[in-house]
Amino acid sequence: MANYLSYWTLKNAHHDYDGGHDFSAAWNSRYNKVKSGDVIWLVTVEDERLILLGSGIAQEDAVPQSQVKNHPFFQKAKGLEWATEWEPESSWEKYWIIIKNPKPLSWIDITSLSSQLRFESKSNPLMYENPAKWGNALQTLRTLTPESAQLLQARLLGGTVPVEIAETLETPYGAGFGDPISNREVEKAAIDFVTTHYSTLGWKVTSKEREKCGYDLLCENNQEIHHVEVKGVKGSIESVILTKNEVSYLDRPESFVCLVTSALSSPKLTSYSGEEFKKHFKLEPYAFMAAKVLTQSE
């Protein structure tokens, strides 16, 4: 199963999103490599912002335009009409993908994730191109790494996420998105790795995990003190969830965040002071607590 990032022009994206259309089918001259079970992630670019439109699983291998007239999907009501009215823009044959259990499109700004996306080609044009040129840079159908697909999936959690897509992906890439058992394994591995790191350097390490005080480890070395919040990530992308208490603690001079990527396989530690963490990471609301405001009559 492959995950493909597919670009739609802004005009087509608005046409389908504003019209309330489902992502049921699409065509592209580069869809010829799409196979049954592959996942297509749709994006567009608006005002130098990267917009995630949604995703869908290919119901079958890509269908060549030459086979559209005899295909059951396109013979349904209005299906054949809008599929055959398109004319190829070049001598290349276009290919159609049909989406299993189509869902309505979303409109989610994922500009903050643009530099974190990784592709099997080992390059990310979104990291280097001027945002104004992103549309051209994304014309090629690019294969996302599993972790990048999981990153996009996490951003879709606030909207409509096809259950079948979640089932085809591995445990999400970052801290807090996996199942409880996996999360605990990653957290423990990260804590152990950071504890060993500090201990090897001669620091005294005391666990503060049970105290819920805004950090996990109290690390002391003579007069120097680090209050260390440890974040473990199963994959290689540095993206984690922080509680309100942990975020407020970043302002203290003794605050440090130790981020351990690939915690269960080949752990790599990156340490940030609280100030450095706020400088290098964009903090965005992930969830809200809603409490009903009671009136006097209640």
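Helices here are DSSP runs of H or I with at least four residues, numbered from the N terminus. With that in mind, welcome to this predicted model. Is E246 buried or exposed? Its relative accessibility is 12%, and buried means under 20%, so E246 counts as buried. Looking past its neighbours within four places in sequence, you will find E246 in contact with G214, E229, K231 and I241.

Let us step back to the whole chain. The protein chain has 298 residues, and 43% of them count as buried. Its secondary structure comes to nine helices and 13 strands. Among the contacts with a separation of 6 or more, 64% are between residues 24 or more positions apart. The accessible surface comes to about 16,600 Å², and carbon and sulfur atoms make up 49% of it.

Helix α8 also takes us to the aromatic rings. A search of the whole structure finds seven aromatic pairs. One of them joins Y215 and Y249, with ring centres 5.3 Å apart and planes at 40°, so this pair is tilted. The pair links distant parts of the chain: Y249 belongs to helix α8 (residues 244–249), while Y215 sits in the loop between β9 (204–207) and β10 (217–221), and the two are 34 residues apart. Both tyrosines, Y215 and Y249, are buried. Another pair, F277 with F281, is stacked, at 4.3 Å from centre to centre and 10° between the planes. F277 and F281 are both buried as well, and together with Y272 they form one aromatic cluster.

Strand β12 (residues 255–261) and strand β13 (residues 268–273) pair in the antiparallel sense over six bridges. Which residue of β13 is the bridge partner of L259? It is T270. The hairpin of β12 and β13 has six residues between the strands, and there S262 takes a positive phi near 50°.

D47 has a positive phi of about 50° although it is not a glycine. You can find D47 in the loop between β3 (39–46) and β4 (49–58), and its relative accessibility of 65% makes it exposed. N222, again not a glycine, has a positive phi of about 60°. The place of N222 is the loop between β10 and β11 (224–232). N222 counts as exposed because its relative accessibility is 74%, and exposed means over 50%.

Next, look at the cysteines. How many disulfides does the structure hold? The number is zero. C219 is in no disulfide, and the nearest cysteine sulfur, that of C258, is 7.2 Å away. A disulfide would need the two sulfur atoms within 2.5 Å. C219 is buried, with a relative accessible area of 0%, whereas C213 is partly exposed, at 25%.

Now turn to E120, which lies in the loop between β7 (108–109) and α3 (125–128). With 41% relative accessibility, E120 counts as partly exposed. Where does the chain come back to meet this residue? Not counting residues up to four places away in sequence, E120 touches T143, L144, T145 and P146. E120 and T145 are 25 residues apart along the chain, yet their C-alpha atoms are separated by 5.8 Å.

P146 opens the range of helix α5 (residues 146–156), a helix that is mostly covered, with eight of its 11 residues buried. The buried residues of α5 include S148, A149, Q150 and L151. Further along α5, L152, Q153, A154 and L156 are buried too.

The charged end of K94 sits over the ring of W27, 4.7 Å from its centre. R142 lies over the face of F119, at 6.0 Å from the ring centre.

Conventions:
Residues are numbered from 1 along each chain as its sequence is written. This is a predicted model: local features need pLDDT of at least 70, side-chain atom pairs count only at pLDDT 80 or more; totals for chains, interfaces and linings use all residues. Side-chain values use heavy atoms; hydrogens and water are left out. Buried means under 20% relative accessible area, exposed over 50%, partly exposed in between (1.4 Å probe, protein chains only). Contact means heavy atoms within 4.5 Å. Accessible areas come from the Shrake-Rupley method with a 1.4 Å probe; for residues, only the protein chains shown count as cover. Two strands pair if DSSP finds at least two bridges between them. Rings of Phe, Tyr and Trp (its six-membered ring) pair if their centres lie within 6.5 Å; planes under 30 degrees apart count as stacked, over 60 as edge-to-face and the rest as tilted. A charge sits over a ring if NZ of Lys or CZ of Arg is within 6 Å of the ring centre and within 35 degrees of the ring normal.
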